[in-house]
Amino acid sequence: MGQVRKKHNSEFKAKVAIAALKGDTTIAELSSRYGVHASQIHAWKKALLDGAGTLFGVGKPSFSDKCDEAKLAELYAKIGELTVERDFLQRRPKL
């Protein structure tokens with residue numbers, strides 16, 4: 001029988017990542033204290049550092065948001081085109 005994966009909530013991940021950033025204890029000590037693999041702690045720490053810049057930019061559209069809006073508009077246009085084509089082909093008399 002396989003083991004069931006643990007699912008950690010975001011508060012727990014943040015708590016462990018912040019403890020890793022503080023540097024008071026080693027990653028191995030944190031790993032044994034929280035029951036999480038050391039590589040997972042490194043991944044959460046990296047995610048915290050990478051996402052820290054967006055924390056203070058709340059409310060300001062970033063470059064990726066503008067790209068996402070452009071891509072979304074393109075996809076909506078394609079959906080409209082395909083819907084019109086489908087409706088046209090459904091109304092066509094069958095041979």
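Tutor: Begin with a term. A residue counts as buried if its relative accessible area is under 20%, as exposed if over 50%, and as partly exposed in between. Keep in mind that this is a predicted model. In the protein chain, buried residues make up 13% of the 95 residues.

Student: How many helices and strands does the protein chain have?

Tutor: The chain has four helices and zero strands. Read from the N terminus, the order of elements is α-α-α-α. As for contacts between residues with a separation of 6 or more, 48% of them join residues 24 or more positions apart.

Student: How do I describe two helices that pack together?

Tutor: Two packed helices are described by the angle between their axes and the distance between the axes. Take α1 and α3: their axes come within 8 Å and cross at roughly 90 degrees. An angle of 65 to 115 degrees counts as roughly perpendicular. The helices α1 and α3 are therefore roughly perpendicular to each other.

Student: Which residues of α1 and α3 meet?

Tutor: From α1 come Phe 12, Lys 13, Val 16, Ala 17, Ile 18, Ala 20 and Leu 21. From α3 come Ile 41, Trp 44, Lys 45, Leu 48 and Leu 49. Sorted by class, this contact of α1 with α3 has 10 nonpolar residues, two charged and no polar.

Student: At what angle do the axes of α2 and α3 cross?

Tutor: Helix α2 covers residues 27-34 and helix α3 covers residues 38-55; their axes cross at roughly 105 degrees and come within 9 Å. That makes α2 roughly perpendicular to α3. On the α2 side, Ile 27, Leu 30 and Ser 31 take part, and they meet Ala 38, Ile 41 and His 42 of α3. The residues of this contact of α2 with α3 are four nonpolar, two polar and no charged.

Student: Ser 31 is on that list. Is Ser 31 buried or exposed?

Tutor: Ser 31 has a relative accessible area of 17%, so the residue is buried. Its place is in helix α2. Leaving aside residues up to four places away in sequence, Ser 31 touches Val 36, His 37, Ala 38 and Ile 41.

Student: Which residues in α2 are buried?

Tutor: Ile 27, Leu 30, Ser 31 and Tyr 34 are buried in α2. Around the axis they cover an arc of only 105 degrees, so they sit on the same side of α2. An α-helix has 3.6 residues a turn, so residues three or four places apart point the same way.

Student: What is on the other side of α2, and what covers the buried residues?

Tutor: The other side of α2 has Ala 28, Ser 32 and Arg 33, which are exposed. The cover over the buried residues of α2 includes α1 (10-22) and α3.

Student: Next, charged pairs. How many salt bridges does the structure hold?

Tutor: To be counted, a side-chain nitrogen of Lys or Arg must lie within 4 Å of a carboxyl oxygen of Asp or Glu. The structure holds three salt bridges. In one of them, the side chains of Lys 46 and Asp 50 meet at 2.9 Å, N to O.

Student: Where do Lys 46 and Asp 50 lie in the helix?

Tutor: Both belong to helix α3 and are four residues apart, so about one helical turn separates them. Asp 50 counts as exposed because its relative accessibility is 52%. Lys 46, at 52%, also counts as exposed.

Student: Which residue forms a salt bridge with Lys 78?

Tutor: Glu 81 is the partner, and the closest N and O atoms are 3.7 Å apart. Both residues lie in helix α4 (residues 63-91), three residues apart, about one turn of the helix. Lys 78 is partly exposed at 41%, and Glu 81 is partly exposed at 45%.

Student: What about Asp 87?

Tutor: Asp 87 forms a salt bridge with Arg 86, with the closest N and O atoms 3.1 Å apart. Asp 87 counts as partly exposed at 24% relative accessibility, and Arg 86 is partly exposed at 45%.

Definitions and conventions. Residues numbered from 1 in each chain as written. Predicted model: local features only at pLDDT ≥ 70, side-chain atom pairs only at ≥ 80, totals over all residues. Heavy atoms only, no water. Axes fitted to C-alpha atoms, helices over the stretch in contact; angles between N-to-C directions. Helix = DSSP H or I, 4+ residues; strand = E, 2+ residues; numbered from the N terminus. Parallel < 35°, antiparallel > 145°, perpendicular 65-115°, else oblique. Contact = heavy atoms within 4.5 Å. Nonpolar A, V, L, I, M, F, W, Y, C, P; charged D, E, K, R; others polar. Buried < 20%, exposed > 50% of the residue type's maximum accessible area, 1.4 Å probe, protein only. Arc of directions from axis to C-beta.
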